[in-house]
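Please keep the sequence and the structure in view while reading.

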Amino acid sequence: MITQEQFDTEVKMIISNAIREDVGDGDHSSLACIPENARGKAKLLVKDKGIIGGVNFAKKVFAYVDKNLKLDVRIEDGTEVTYGDIVMYVEGSSQSILKAERTVLNAMQRMSAIATKTRMFVDLVEGTKTKILDTRKTTPGIRVLEKWAVKIGGGENHRFALYDMIMLKDNHIDFAGGITKAITMAKEYLTETGRDLQIMVEARDLSEVEEILQSEGVYRILIDNFDYEDTRKAVKLIGNKCLTESSGNINEATIRHYAECGVNFISCGALTHSVHNMDLSLKAMK
């Protein structure tokens, strides 16, 4: 995963771009009917149930729009919420509150949905040694928010992008001319470039697991689209030589079974690409 500094930079860019996109040369609806010096108060209301996410992101958005806005946060990230709960109050310039409203809600609705689904998957594997991972199957431009939401829900982050891990998947292996050749070339590349990156390799069957194990320096093997029996066999073959990860159309009905096969990780793209946004609203208070 990226460093804290990279994380903070990504978040700042998302906020700047979101406000640019939404406000443009001015919130003319507010400018037309709300005096510049008008002050107001609003509450962020939950109209759904699940795990709230994006509270700390909302703090950053409000501060970016107007550092004089005052927030009274009542519910923190990662908390279970239900219809009627009030997450926070925001008070200050009415124009500023409205300028920040849509960016805050769009992000929090999406992040809460991801945190909710992640928590469900984490609960399903409770009692096993398996950790739940996200993937790169994220919404372009807001990956850091979606991966942040996975953490809020109790999951772990996989690599952030193409630059922070070497992950040799089926296409890399086929283009390179085979597993062993791909691994050898990857290690040579790291030596030549002076990069310190972990190497992960995908296996499509047990024979590929055996071939991967013949090479030194592999950090994790991705056991992709295996059934339960072959997953157990792969885990036994790998032993303590490297870490194991299952992936491939794993859902609520199957995730516990894969965890019980003994894998260290299960990665699931559905955490970020197949969620239904939580219903939240920002309501002015009279």
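## Length of helix 1

In this predicted model, helix 1 comprises the 20 residues 4-23, and at 1.5 Å a residue these should span 28 Å, which agrees with the 28 Å that separates its end C-alpha atoms. Just after helix 1 comes Gly24, which takes a positive phi of about 60°.

Seen along its sequence, helix 1 has Phe7, Val11, Ile14, Ile15, Ala18, Ile19 and Val23 as buried residues. Because these residues cover an arc of only 125° around the axis, they lie on the same side of helix 1. On the other side of helix 1, by contrast, Glu5, Lys12, Arg20 and Glu21 are exposed.

## The crossing with helix 4

Two packed helices are described by the angle between their axes and by the distance between those axes. For helix 1 and helix 4, the angle is about 115° and the axes are 10 Å apart, and helix 1 passes helix 4 in a right-handed crossing. Helix 1 contributes Ala18, Ile19, Asp22 and Val23 to this contact, while helix 4 contributes Lys99, Arg102 and Thr103.

## An annotated domain

UniProt, in an unreviewed entry, lists residues 28-112 as "domain: Quinolinate phosphoribosyl transferase N-terminal". Over residues 28-112 the chain is 42% helix and 28% strand, with the end C-alpha atoms 30 Å apart.

Key
Residues are numbered from 1 along each chain as its sequence is written. This is a predicted model: local features need pLDDT of at least 70, side-chain atom pairs count only at pLDDT 80 or more; totals for chains, interfaces and linings use all residues. Side-chain values use heavy atoms; hydrogens and water are left out. Helices (H or I, at least four residues) and strands (E, at least two) are DSSP runs, numbered from the N terminus. The expected span of a helix is 1.5 Å times one less than its number of residues. Buried means under 20% relative accessible area, exposed over 50%, partly exposed in between (1.4 Å probe, protein chains only). The arc is that of the directions from the helix axis to the C-beta atoms. UniProt positions are given in the numbering used here, feature names are shortened, and annotations may be inferred rather than shown by experiment. Axes are lines fitted to C-alpha atoms, for helices over the stretch in contact, and angles run from 0 to 180 degrees between N-to-C directions. A crossing is left-handed if the near helix is turned anticlockwise from the far one by less than a right angle, and right-handed if clockwise. Contact means heavy atoms within 4.5 Å.
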